[in-house]
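Open the model in your viewer and keep the selection panel at hand. The stops below say what to select and what is there.

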Amino acid sequence: QVQLVESGGGSVQAGGSLRLSCAASEYIDSRYCMGWFRQAPGKEREGVAAISRTGGTSYADSVKGRFTISKDNAKNTLYLQMNSLKPEDTGMYYCAADTTVSYPLRHQQYTYWGQGTQVTVSS
């Protein structure tokens, strides 16, 4: 079972940037579909961005043009570059992985999850 550990969260002002990292315990290239999800108080967990085993990406409409998902296969690490942050981006961000994903932005598709890292964006 792959272990995932997120890092890079913090508190920033609106308009600022953060880069989240998700370190995987094993080789991920051509093995896992991976995604970033977030959950704010009182809201459902939502898919933010996902990357397929072959590198294809998916983004929630709310973050398109601002967030970029990528991975460094040599480091077994997934990233989420977040630019032009807004207060509504605030939430706990989770890294997730699975070997087969039909709907990459649906949290129910993923088996393996990290512990989360908090992102807070203030006005």
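Predicted model: local features only at pLDDT ≥ 70, side-chain atom pairs only at ≥ 80, totals over all residues.

Residues are numbered from 1 along each chain as its sequence is written, and side-chain values use heavy atoms, without hydrogens and water.

Select Cys22 and Cys95. Their sulfurs are 2.0 Å apart and form a disulfide (a pair of cysteine sulfur atoms within 2.5 Å). The count by this rule is one. The torsion about the S-S bond is -75°, a left-handed link. Cys22 belongs to strand 3 (residues 18-24) and Cys95 to strand 9 (residues 91-98), so the pair links distant parts of the chain, 73 residues apart; strands are DSSP runs of E, at least two residues, numbered from the N terminus. Both cysteines are buried (under 20% relative accessible area, 1.4 Å probe, protein chains only).

Next, select Cys33. Cys33 is buried, at 8% relative accessible area.

Move to Asp98, in strand 9. Asp98 is buried without a salt bridge (a side-chain nitrogen of Lys or Arg within 4 Å of a carboxyl oxygen of Asp or Glu). The nearest side chain of opposite charge, Arg53, is 8.7 Å away.

Finally, show what surrounds Asp98. Leaving out residues up to four places away in sequence, Asp98 touches Arg31, Tyr32, Cys33, Gln109, Tyr110, Thr111 and Tyr112 (contact: heavy atoms within 4.5 Å).

Technical notes:
Helix = DSSP H or I, 4+ residues; strand = E, 2+ residues; numbered from the N terminus. Buried < 20%, exposed > 50% of the residue type's maximum accessible area, 1.4 Å probe, protein only. Lys, Arg positive; Asp, Glu negative; His and termini not counted.
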